[in-house]
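Subject: Structure handover

Hello,

I am passing a structure on to you, with notes on what was found in it. Please look through it first and then read the notes below.

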Amino acid sequence: MTKYHAIRDQLLDRLDTMAPGEQLPPERVLVRELGVSRMTLRRATDELVASGVVRRRPGAGVFAVGPKLDTALSATSFTEDMRARGLRPGSAILSFERRAAGARIGRRLEVSPAADVVHVTRLRLADDEPMSIEALYIPEGTVPGLSPEDLENASYYDMLRTRYDVTIARGVQTIEPTVTDEEESDKLGVPLHSPALLFERTSWTAEGAVVEFVRSIYRGDRYQIRTELSVPQVAEPARGTTP
Ligand code: 16G
């Protein structure tokens with residue numbers, strides 16, 4: 001292990017005991033405490049900044065970001081998920097339009113290319129911090145009269161249940177690594193080409209109607225995926241039998 005990797009690990013140990021937003025001691029203090037050169041410390045810190053574990057505020061210092069948000073692989077809504085963590089969910093509407101589905105979205109929503117769909121792009125926030133950008137496509141017939149104001153700082157899933165009496169029964173989701181483009185970086189407040197997670201989710205009602213196709217870009221520096229692993233049951237050979 002190189003010297004700077006060892007220092008990075010020591011800094012990570014220290015960060016484990018720190019609260020989000022807490023400041024790391026100044027460089028000259030760390031140099032003394034860890035017995036390293038300023039250059040080695042800087043290199044280790046740069047790596048932590050790049051991986052999103054700490055944030056550098058020019059002129060102020062280096063601050064702990066806190067653990068990444070675990071996202072479970074279930075059909076929960078952003079709003080429920082944030083509330084369960086004690087964070088305040090928010091969303092800003094970036095665009096809202098009604099238009100013909102077109103071939104690609106039509107296939108996803110299982111409607112004809114000429115069918116009307118509602119296309120909404122939302123910036124999703126947790127305690128006012130941008131977390132993801134979601135492009136949501138809904139068959140127009142599912143949400144008659146839906147307006148941008150309905151979704152401003154509100155939950156689409158709640159709206160489906162309470163106003164349209166529609167309940168999501170199942171979904172399919174894919175996840176891919178990606179990097180943010182110029183517009184996404186700008187909206188999410190991260191550098192260009194930052195790591196991100198691309199989720200594509202299709203959700204159905206119990207009757208088999210598609211109620212959304214969603215393309216979500218989640219910040220890679222703030223999110224990780226947690227999955228519960230079940231152990232496959234292997235059938236034991238019966239005792240006393242000869243192979
Ligand atoms: C989540 C879902 C998204 C869904 C939204 C509803 C992922 C990757 N995506 O962000 O597909 O449309 O929740 O949230 O989890 P809402 O009810 O708060 O609008």
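**Pocket, cavity and helix packing**

The lining of the largest pocket divides into nine nonpolar, five polar and seven charged residues. Here Ala, Val, Leu, Ile, Met, Phe, Trp, Tyr, Cys and Pro count as nonpolar, Asp, Glu, Lys and Arg as charged, and the others, Gly among them, as polar.

This is a predicted model, in which local features need pLDDT of at least 70 and side-chain atom pairs count only at pLDDT 80 or more, while totals for chains, interfaces and linings use all residues. Residues are numbered from 1 along each chain as its sequence is written, and side-chain values use heavy atoms, with hydrogens and water left out.

**The pocket**

The space in the largest pocket comes to about 400 Å³. On a 1 Å grid over the protein atoms alone, a pocket is an open set of points with protein on both sides within 12 Å along at least five of seven lines, and a cavity is a set of points where a 1.4 Å probe fits but cannot get out; lining residues have an atom within 4 Å of a point. Grid points are joined across faces, edges and corners, and a volume is the space filled by probe spheres set on the points.

There are 21 residues in the lining of the largest pocket, and Val49, Gly52, Val190, Pro191 and Asp221 lie nearest its centre. Helix H3 (38–50), strand S1 (54–57) and strand S6 (129–139) each supply at least two of the lining residues. S1 has the largest share, with three residues. Helices (H or I, at least four residues) and strands (E, at least two) are DSSP runs, numbered from the N terminus.

**The cavity**

The structure has one cavity of 30 Å³ or more. The largest cavity holds about 340 Å³ of space. It is lined by 23 residues, with Thr76, Phe78, Glu134, Arg201 and Tyr218 closest to its centre. Elements that each supply at least two residues of this lining include helix H4 (78–84), helix H7 (156–164) and strand S8 (195–205). The most comes from S9, which gives four residues. By class, the lining of the largest cavity has nine nonpolar, eight polar and six charged residues.

**The helices**

Helix H1 (residues 3–16) packs against helix H2 (residues 27–34) at an angle of about 110°, with the axes 12 Å apart. Axes are lines fitted to C-alpha atoms, for helices over the stretch in contact, and angles run from 0 to 180 degrees between N-to-C directions. H1 and H2 are therefore roughly perpendicular to each other; angles under 35 degrees count as roughly parallel, over 145 as roughly antiparallel, 65 to 115 as roughly perpendicular and the rest as oblique. Ile7, Gln10, Leu11 and Arg14 of H1 make the contact with Leu30, Glu33 and Leu34 of H2, where contact means heavy atoms within 4.5 Å. The residues of this contact are four nonpolar, one polar and two charged.

H1 and H3 cross at roughly 60°, and their axes come within 9 Å. The two helices H1 and H3 are therefore oblique to each other. Residues in the contact include Tyr4, Ile7 and Leu11 of H1 and Leu41, Ala44 and Leu48 of H3.

H2 packs against H3 at about 110°, with the axes 10 Å apart, which makes H2 roughly perpendicular to H3. By class, the contact of H2 with H3 has four nonpolar, no polar and four charged residues.

Regards
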